[in-house]
Amino acid sequence: MRMARPLVTTIIPVYNRAGMLREAVASVLAQTYRPIEVLIVDDGSTDETRETAEELAASDPAIRLVRQSNSGPGAAREAARLQAEGAFIQHLDSDDLLLPQKFELQVAALERDASAGAAYGWTRRRFPDGSVHPAPWKRSGERIETMFPAMLMSRWWDTATPLYRRTVIDRAGAWLPLWAEEDWEYDCRIAAAGTRLAYVADWVCEYRAHSAGHLSGRGGDPRILRDRAEAHERIYAHARAAGIDPSSVEMQHFARELFLLARQCGAAGLADASMRLFRLAREASGEAGRRLQFRLYEAVANSIGWTAAGRIACITDRLRW
């Protein structure tokens with residue numbers, strides 16, 4: 001007798017995206033793998049998404065609906081994490097799609113490699129005009145053994161790309177209630193544990209760029225910048241915990257990211273966040289943190305204030321490019 005296969009849970013937070021939600025859920029139900037469950041988290045939608053989510057939940061016993069007041073993607077994913085029953089966890093943004101064999105391929109990869117905590121494969125990027133990028137998106141087409149240190153350079157896959165073991169998610173714990181970069185911080189938290197990866201050389205999901213916009217595109221919003229600052233601070237802490245060499249290309253790149261975000265936060269009036277990020281940037285830069293650029297910026301910020309220094313620096317950055 002064939003043993004029952006492990007359950008895969010897909011977590012889909014949604015806010016005011018009725019049409020795309022239907023398509024996202026349909027892509028999960030189209031999986032060749034069973035058993036599955038789908039947790040839709042309606043994050044306080046104010047349009048027909050509320051009714052759409054209810055209809056979807058009523059249409060299939062594999063779909064469950066979780067409701068919460070509008071609290072952002074981090075809080076939505078955490079609400080679902082607490083109710084998920086699967087041995088494997090899939091995160092899916094409501095505007096993206098899974099390809100039909102994703103679970104079949106990635107569960108098999110994880111079953112072949114007991115030391116791997118997550119499996120990933122190729123991500124397709126679809127543009128608003130319907131065309132697709134011909135190569136795997138970001139670095140999803142590369143075979144990468146561990147999430148760190150590459151994850152410090154950038155979030156080199158999309159939310160739908162990996163399939164995680166439930167044990168990895170349980171060890172990572174609660175999602176932060178952030179509105180931006182909560183996914184990158186969570187991945188880096190998992191990366192800091194030394195999580196190994198299983199690679200699938202095939203298409204597994206689709207990231208869709210679209211005219212409706214993405215929350216991550218609201219870069220100048222002070223609330224978004226504040227959350228990005230917290231995420232960056234925690235990512236740096238995860239990198240330190242993982243023992244990433246301060247002189248490595250990855251850490252030096254992230255130090256520049258910290259400095260850039262420090263300037264942006266200053267320009268947005270977030271002086272405390274700007275100062276904290278600047279000091280982390282100097283620390284992360286190691287010997288490079290003693291350079292004249294850092295000393296001059298700190299002297300100017302201490303003289304005219306971190307907000308004014310950030311605004312001047314951002315104007316200079318724009319003129320430079």
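At 3% relative accessibility, D187 counts as buried; buried means under 20% relative accessible area, exposed over 50%, and partly exposed in between, with a 1.4 Å probe and protein chains only. The model that holds this residue is predicted, so local features need pLDDT of at least 70 and side-chain atom pairs count only at pLDDT 80 or more, while totals for chains, interfaces and linings use all residues. Residues are numbered from 1 along each chain as its sequence is written, and side-chain values use heavy atoms, with hydrogens and water left out.

**Salt bridges**

The side chain of D187 meets that of R155 in a salt bridge, at 2.8 Å from N to O. D187 lies in helix α7 (residues 182–191) and R155 in the loop between α5 and β7, so the pair ties together parts that are 32 residues apart in sequence. Helices (H or I, at least four residues) and strands (E, at least two) are DSSP runs, numbered from the N terminus. R155 is also counted as buried, at 14% relative accessibility.

A salt bridge is defined here as a side-chain nitrogen of Lys or Arg within 4 Å of a carboxyl oxygen of Asp or Glu. Side chains of opposite charge can pair when their charged atoms come close. A search of the whole structure finds 25 salt bridges.

| D187 | R155 | 2.8 Å |

E206 belongs to strand β8 (residues 196–208) and R124 to strand β6, and the pair links distant parts of the chain, 82 residues apart. E206 is buried, with 4% relative accessibility. E145 counts as partly exposed at 43% relative accessibility, and R196 is partly exposed with a relative accessible area of 28%. Elsewhere, D42, E54 and R67 are linked in a network of salt bridges.

**The sheet**

In what order do the strands of the open sheet stand? Eight strands form this sheet, in the order β3-β2-β1-β4-β7-β6-β8-β5, and the pairing is mixed. Its edge strands are β3 (63–68) and β5 (97–98), each of which pairs on one side only. Two strands are taken to pair if DSSP finds at least two bridges between them.

Strand β6 (residues 116–126) is joined to strand β7 (residues 163–165) by two bridges, and these strands run antiparallel. Within β7, L163 stands opposite A119. On the other hand, β6 and β8 run parallel and are joined by nine bridges; R126 stands opposite R208 in β8. Strands β5 and β8 pair in the antiparallel sense over two bridges, with L98 opposite C205 in β8. In a regular strand the side chains alternate between the two faces of the sheet.

**Helix α3 and its cover**

Helix α3 is mostly covered, since nine of its nine residues are buried. The buried residues of α3 are P73, G74, A75, A76, R77, E78, A79, A80 and R81. What covers them includes β1, β2, β3, β4, α6 (166–172) and α7. Contact, as used in this report, means heavy atoms within 4.5 Å.

R263 is found in helix α9 (residues 249–267). R263 is buried, with a relative accessible area of 12%. Which residues does R263 touch, not counting residues up to four places away in sequence? R263 touches Y297, G310, A313, C314 and D317. The C-alpha atoms of R263 and D187, 76 residues apart along the chain, are separated by 25 Å.

V300 is found in helix α11 (residues 292–304). V300 is partly exposed, with a relative accessible area of 39%. Together, V300, I304 and I312 make a nonpolar surface patch of about 250 Å². Patches are made of residues with over 30% relative accessible area and no salt bridge, where like charges are joined within 9 Å and nonpolar side chains (Val, Leu, Ile, Met, Phe, Trp, Tyr) within 5 Å. Accessible areas come from the Shrake-Rupley method with a 1.4 Å probe, and for residues, only the protein chains shown count as cover.
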